[in-house]
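Subject: Structure handover

Dear colleague,

Please find the structure below. My notes on the contact between the chains, and on one chain by itself, follow it.

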Amino acid sequence: MEHQKSRMGYTLCMLTLFICGAVLFLIGFFPASYTASEAENSIPNDRPTTIHGVRLETPPPSYDSLILFLVDALREDFASATSMPVAFSRACEKLTLHVDIPTVTMPRLKSITTGTLSNFIDIALNVGHTEQLEDSLLHRLKQRNRIVSFAGDHTWINLFPSEFTRHAENNDSFFVNDFYEGDRNVTRVLESELELKDWSLLILHYLGLDHIGHVEGNASPKVQHKLKEMDEALQKILDHRNFPNYLVLLTGDHGMAEGGGHGGNTPAETLVPLYLYSKNCSRPSSGSKRYNQIDLAPTLAVLLSVEIPSQSIGCLIPEMLQSLSLEHEMYAYFYNAQHLLNKARVKFGHETVRRSDYYTWYQNATLLHRQLLLPLRDGDGSGASQVLYQNAKLNYIRMAREISGLLSESLVRFDYGFIVLGLSLTTATSLHIVLSVLFLDLTEQLQLDRLKTRQLLICLATASLLNVASHVLDIIFTSSMFYGILLVVPLALSIYLTFDVAQALLKVALPPLYTRRLKLSIPLPLPLLMCFGIRTFTLGSSSFIEFEYKTWYYLGNTLILLTALRTLRRRITKANVELDGRHLHKIASACLWQQRKIFVVLILLTLMRYLHRFHAIRSTLLLFSLMLLWARLRKFAQLPQSCASAAACLVVYCFRGLNGQVQFFELPSYLTSRLMVPTLVVFWCCLALVLVLGYRAALPQTLFDKRFGEKPMPPKSVLLQLLQANLTSSLLLAALLQKVQNVILLPTLLIALDETYKLCDAFGTSARKFSVRLLHVYKIIMTIFVSRMFYFYQGNSNSLSTIDLTPGYIGQTSYNPAIVGLFVTLNTYSAEIHSFLYLIVHTLRSDLRSVGIMQLQPPYSVAADSLIAPLYASLVMLPAAFYLCLMVGFRYHLFIYSVFSPKVLYDCYTVLVFYFVFVITTLYFKLFKRDA
Amino acid sequence: MVSRFDQQKTKHQLFHVSLSLATILICMTYMQYRRNWAYLGNFWDSLVVPIVFIGELLKVVLARFYGRIEDGVLTIKQRQKKAAYFTARELAGGFTLQFLCTLLYAFICIILGAPVLGNYEETFVLSLLMTLLTVSPTVFLLGGGGALQVCFCEKPDFVTKCEDTALNLFKYNALGGILGAWAGSVVAPLDWGRDWQVYPIPNIIGALLGSAMGNIYACTHVLYATARVYMTKKRA
């Protein structure tokens, strides 16, 4: 009667489709290049030559040499009088720049050079490869054969492979362990360039500060040291002789968050200083004004006397134009205003522009400008009216502001076709799997978990018809025939799934009269359902997303506490039945003592919240946690394997000791750096040994049979042993990668899961009617909650700035995206990966005889692939699908890019990580489970 | 199932519910009068705990008052229980039970996110309030041992009819209080920046409102049952 077919294959299909849907959605939501479709050609590239009939001449460059002194992650308060005395005291102007999100390097460089806002998805490209730009300040300089020199971050070379006359870049900008070497090279280039003095623009990009922030945080003493170094480099420029006419800009590409990362939307990350230095600064700097980072590009273009990059939507920074003559200054304003007006015409249409306020301002400004020009041309300039000048300038500035604001708002463009397709695919998939898990009878009836060829064919036909029809009707545009045909596949699949879901929902809502109502095949206890519902629906609030960890801590602890108290009460009541009220307090205290462990776990879970404060005792903590981890791992292993894992743990401590993060023998520094690599090699050897010893079980059994005369192991236990070996080695690897004080989380996770499972067992068995499925549901939901809690204990959040990049470079001497990605993922998602693996292992190895359930049909462990995996997958997918739907509703929300978008990336990535873990687990099930 | 229109019981229930609601109304009025809610977490500065305490005591007195009528028809066990009410043992037991309960609530508060180091007074006040709303009435009514038995036995035989009525209503009160205090935390992560979002103000208010909700729910039940009886009577 019981339906115990393995449903790994079906779940895998659903997960794959979900991932595809999510990818489609993301492509639609964050279009990679929105400017491609825009008709850029209609904007004249050349500089204007006349204004209302008066001829204008283009001004020459106003400075002989311009230096862009870019310090990565220089936030506003770093450039203060104490930390950078020279930079602070000698600055002509102290301005503040507002940086747009995402606050990571590559999009920011694009903003500085092209003057346009960058796309949110650039952040993903920031880590990997970068596309080349088509037009920028540097392209324009190259057209004019001006010499541009560059030193620093490699990202510039990816963006501008051929635009620099000379470049000396660091080899790898993502190798965060390099604090000093790269910067020293940049300063060396600076010295030689100062002697050469043939360039008109010199770009210096110092990365050390950013790296220190990533590795050691913003409060590290090295930060002050680094700032001093930057100060000295700047002083070198300022004090250099024979430099008559220069302008130095000191700025940062983005700020640094509390904790050292960046990528988010806090003021610490989005505000950077812009300090200007020139020989003859006329006025002392007044109060700090705030401009946008995109304003740099047009201003620099004007100062260098080149065309403004065609994509630029910034305004001019008036403080930077003070050295220009009156006529040239007015020309600059006029040029940028015209450029922006042309952009606005393309974007909003001529008619809208003509009726707008800013067009009137523009008209006024140009007329005033013309009036101003005539006396300037005639006389010596004294005749120029100050009133006219101020008035024209004011009009120019306010119209530029207005258009710039409008243009930056209108840059958002969604591809609704992809969004609809992705959304229907994800929603249909998650509903499909939820329905098929909830209603087993229905699954049987409709064959939900099998591929129905006929239905698929019909769907394909419908999809192609739909596709052709919408192509004919011009609802869908595709760039090539191939894409058009490819579109049929997701279309057909989503129609197929939607059809299934609709059919199933109909059956659930309207049961035919002659049969009984469809019954849920798994029990859904109210508290679990409620907590899960709350967790899902709070995704709609931006503050709940920002503080998502609070939700998880609260709900997770509530669930455990509630289950513990209910179990306690049931136990006391049960024990009390015969005694009839006598010795009640003795029974109560005895039962309470029985459950002491779960309360200890609760206290542990509370303590983990304050993990970041345990920094002072980290050596002891690391030692203790490694021992605890080893003690936990010993449960899964025989003697040789646990010896190997003990060695691995020891090596982890040695490695941290060599790094100077925990107390260790005092070693000379040359020895430390030489020992580092052998230590890691030893670690990998130990890990390999653990794996090999674990995998020995899967070797052909005959070999062992002959030698030792053992009985061949049952296949289930082979599978179990392999999964245990995987879990052990991945835990050991995580121990190497985790931050020092976070290693304690690994054994605590295992303990917490173990105790929670025991609690669930006790809860299940103390019920009046025992149900295995109830037990499974409880364990799955508890696992999800505990794993998410540990995910946040580790310091993760929904902001991109908390991704810890350091573990990606352990044992690496260069930047290898695959390995760094793998390590960072393993570190970030270690709680989720390990708890899923542990759940499977627990299900396979647990036997309920210990809690008093003797005979169980079907056996408990069978549920691993028929119930646990699909249900877990559906519970991972359902909130993600819900969140994607929410995103569409919130697409014009104020916080869409700062709060909701990072979360959607995190969510999709969580599903992806789960997908990979799931694929591997499924593979093992398929290969080694031969008893079914 | 109400088969007979039990006027005495209904009266007791309605009085009980109105007492609870009045207590909470007085609390709310007091809070409105004080304007600034920051004092709510202080033990010596807030009148909420004493008001709730008096309210619970009054409810017990009410139950005793209605229980007086049944005095003639008590079983031996019930008589014994009644006689032992004011002994030192029972009093000590009741006090210990309440104290332990306060500790348990404080533990739960900390597990669910109250600051571990600091805010002790606030946590103490919150857990005292929770104890007063949940455990204390039962303890006042039946003594320490009796309360334990009611909690953990299927159907203790020493409980009189009138006490049973009161216990039923206490249950609504307690459940509402717990759920309200639990749900009160919902405002904690919101970024409204109000001064009443600080722990434990939302939880205290949530507990009070929750118990009010529980009482209103109980009240509708009683009224519905009465109305049904009334209708059937009229029809007959």
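In this predicted model, 19 residues of chain A are in contact with 16 residues of chain B (contact: C-beta atoms, placed from the backbone, within 7 Å). On the chain A side, the elements that give two or more residues are α22 (542-546), α23 (548-579), α24 (584-594) and α25 (596-608). Of these, α23(A) gives the most, with ten residues. Helices here are DSSP runs of H or I with at least four residues, strands are runs of E with at least two, and both are numbered from the N terminus.

By residue type, the side of chain A that touches chain B has nine nonpolar, eight polar and two charged residues. Ala, Val, Leu, Ile, Met, Phe, Trp, Tyr, Cys and Pro count as nonpolar, Asp, Glu, Lys and Arg as charged, and the others, including Gly, as polar.

Chain B has eight helices and zero strands. Its C-alpha trace spans about 60 × 50 × 30 Å along the principal axes. Of its 236 residues, 40% are buried (20 or more other C-beta atoms, placed from the backbone, within 10 Å of the residue's own). Among the contacts in chain B with a separation of 6 or more, 79% are between residues 24 or more positions apart.

On conventions: residues are numbered from 1 along each chain as its sequence is written, and chains are lettered from A and ligands numbered from 1 in the order written. Local features need pLDDT of at least 70, side-chain atom pairs count only at pLDDT 80 or more, and totals for chains, interfaces and linings use all residues.

Regards

Conventions:
Two residues are in contact if their C-beta atoms, placed from the backbone, lie within 7 Å. A residue is buried if 20 or more other C-beta atoms lie within 10 Å of its own, exposed if 12 or fewer, and partly exposed in between; C-beta atoms are placed from the backbone.
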